[in-house]
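This report describes the fold, the surface and one backbone feature of the model shown below.

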Amino acid sequence: MAVTDHSVTSRNLAQYIESVTHHSVSARTIGRHLQQRGLSVRRLLLGLPLTQNHRRLWRQWYDERRMWVAECNEAVFTDESRFCLQHHDGRIRVWRHRGEMMLNICIMHHHTGPALGIMVWVAAGYHSRTPLVRTAGTLSSQCYISEVLEPVFFPYLQGLATAMLQQDSA
């Protein structure tokens with residue numbers, strides 16, 4: 001049952017077995033037997049659904065750069081992340097074998113709406129990174145320039161002689 005329905009819980013399996021066989025089995029025993037068979041309880045991978053155009057553009061970008069070796073050591077990546085403070089963190093667990101993380105049944109697709117949270121930003125290269133920057137309120141273009149680019153990113157970038165910026169076009 002856990003092999004075909006990845007989201008079934010050990011407790012549900014124990015109840016099902018008891019209803020069919022009229023013998024009591026603990027959820028812990030069920031979990032131990034599933035682990036012996038190579039299944040482990042893991043969190044769902046959270047991902048935004050990608051369109052075919054997203055996939056095509058990513059593949060095109062990758063194909064143009066797949067032979068880069070020395071350039072990768074000089075690349076600097078920037079990213080910002082927002083952490084939601086109001087609702088659950090998506091810790092829904094599923095039974096899966098090693099290597100099944102990207103199966104559609106192991107991914108919970110969802111779009112987030114307005115909610116209380118914090119925004120952080122960081123830049124990282126092969127050998128270094130900036131400090132994590134927390135921004136208060138909405139990250140406007142003026143706030144991005146005055147709180148992130150001028151005091152943190154530009155000094156960091158100037159310290160790297162041959163850096164190449166790879167930003168996410170957000």
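How many bridges join strand β3 to strand β6, and do the two run parallel or antiparallel?

## Basis of the model

The model is predicted, with local features requiring pLDDT of at least 70 and side-chain atom pairs counted only at pLDDT 80 or more, while totals for chains, interfaces and linings use all residues. Residues are numbered from 1 along each chain as its sequence is written, and side-chain values use heavy atoms, without hydrogens and water.

## The sheet and its helix

Strands β3 (residues 75-84) and β6 (residues 117-125) run antiparallel and are joined by 9 bridges. Within this pair, Val76 is placed opposite Gly125 of β6. Two strands are taken as paired if DSSP finds at least two bridges between them; helices (H or I, at least four residues) and strands (E, at least two) are DSSP runs, numbered from the N terminus.

Both strands belong to an open sheet of 4 strands with mixed pairing, in the order β7-β6-β3-β8. Because β7 (133-135) and β8 (164-166) stand at the edges with a single partner strand each, one side of each has no neighbour in the sheet. On average, neighbouring strands of this sheet are turned by 25° against each other, direction ignored. Helix α5 (residues 141-158) packs on the sheet and touches β3, β6, β7 and β8, its direction making about 20° with that of β6. Contact here means heavy atoms within 4.5 Å; axes are lines fitted to C-alpha atoms, for helices over the stretch in contact, and angles run from 0 to 180 degrees between N-to-C directions.

## The chain as a whole

The protein chain has 5 helices and 8 strands, arranged from the N terminus as α-α-β-β-α-α-β-β-β-β-β-α-β. Of its 170 residues, 21% count as buried (under 20% relative accessible area; exposed is over 50%, partly exposed in between, with a 1.4 Å probe and protein chains only). Among contacts with a separation of 6 or more, 71% link residues 24 or more positions apart.

## Local features

His22 lies in the loop between α1 (10-21) and α2 (27-36). Although His22 is not a glycine, its phi is positive, at about 65°. Most residues other than glycine have a negative phi. His22 is exposed, with a relative accessible area of 69%.

Tyr62, found in helix α3 (residues 52-65), is partly exposed, with a relative accessible area of 33%.
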